Amino acid sequence: MKIVNYIKECYAELRDKVSWPTWKELQSSVIVVSIASLIIALVVFLMDFSFKHLLEAFYGLF
């Protein structure tokens, strides 16, 4: 019985007490996260690319 009561209370809290974002807010958040993810991916790619060439040059000395 405690589990059923817990689930009912959780549902009521999600329905009544949580402020859900609007569709416009959600779209703007998705855009921000997408741009940030692309920037981070680009930085990681550039680091990987530069370290690869740096290490190839270093090992080419031997």
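**Figure 1. Phe-58, Tyr-59 and Phe-62 are linked into a cluster by ring pairs.** In this predicted model, local features need pLDDT of at least 70, side-chain atom pairs count only at pLDDT 80 or more, and totals for chains, interfaces and linings use all residues. Residues are numbered from 1 along each chain as its sequence is written, and side-chain values use heavy atoms, with hydrogens and water left out. Rings of Phe, Tyr and Trp (its six-membered ring) pair if their centres lie within 6.5 Å; planes under 30 degrees apart count as stacked, over 60 as edge-to-face and the rest as tilted. Phe-58 is partly exposed, at 42% relative accessible area, whereas Phe-62 is exposed, at 76%.

**Figure 2. Phe-45 and Phe-49 form an aromatic pair within helix α2.** The whole structure holds 3 aromatic pairs. In the pair of Phe-45 and Phe-49, the ring centres are 6.0 Å apart and the planes stand at 25°, which counts as stacked. Both residues lie in helix α2, 4 residues apart, or about one turn of the helix. Phe-45 is partly exposed, with 48% relative accessibility; Phe-49 is also partly exposed, with 44%. A second pair is that of Phe-58 and Phe-62: its planes are at 80° and its ring centres 5.3 Å apart, so this pair is edge-to-face.

**Figure 3. Seven side chains are listed in a nonpolar patch on the surface: Ile-31, Ile-35, Ile-39, Val-43, Met-47, Phe-51 and Leu-54.** Together these residues have about 690 Å² of accessible area. Accessible areas come from the Shrake-Rupley method with a 1.4 Å probe, and for residues only the protein chains shown count as cover. Patches are made of residues with over 30% relative accessible area and no salt bridge; like charges are joined within 9 Å, and nonpolar side chains (Val, Leu, Ile, Met, Phe, Trp, Tyr) within 5 Å. Phe-51 is partly exposed, at 47% relative accessible area.

**Figure 4. Arg-15 and Asp-16 are joined by a salt bridge.** A salt bridge is a side-chain nitrogen of Lys or Arg within 4 Å of a carboxyl oxygen of Asp or Glu. Here the N to O distance is 3.1 Å. The count by this rule is 1 salt bridge. Arg-15 is partly exposed, at 49% relative accessible area, and Asp-16 is exposed, at 54%.

**Figure 5. Leu-26 and Leu-54 are 42 Å apart in space, C-alpha to C-alpha.** In sequence, Leu-26 and Leu-54 are 28 residues apart. Leu-26 belongs to helix α2 and is partly exposed, with a relative accessible area of 38%. The chain has 2 helices and 0 strands; helices (H or I, at least four residues) and strands (E, at least two) are DSSP runs, numbered from the N terminus. The radius of gyration of the chain is 24 Å, well over the 11 Å that the globule rule gives for 62 residues, so the chain is more spread out than a compact globule. This radius is taken over C-alpha atoms, and the globule rule is 2.2 Å times the number of residues to the power 0.38. The C-alpha trace spans about 75 × 35 × 10 Å along its principal axes. Of the 62 residues, 0% count as buried.

Technical notes: Buried means under 20% relative accessible area, exposed over 50%, partly exposed in between (1.4 Å probe, protein chains only).
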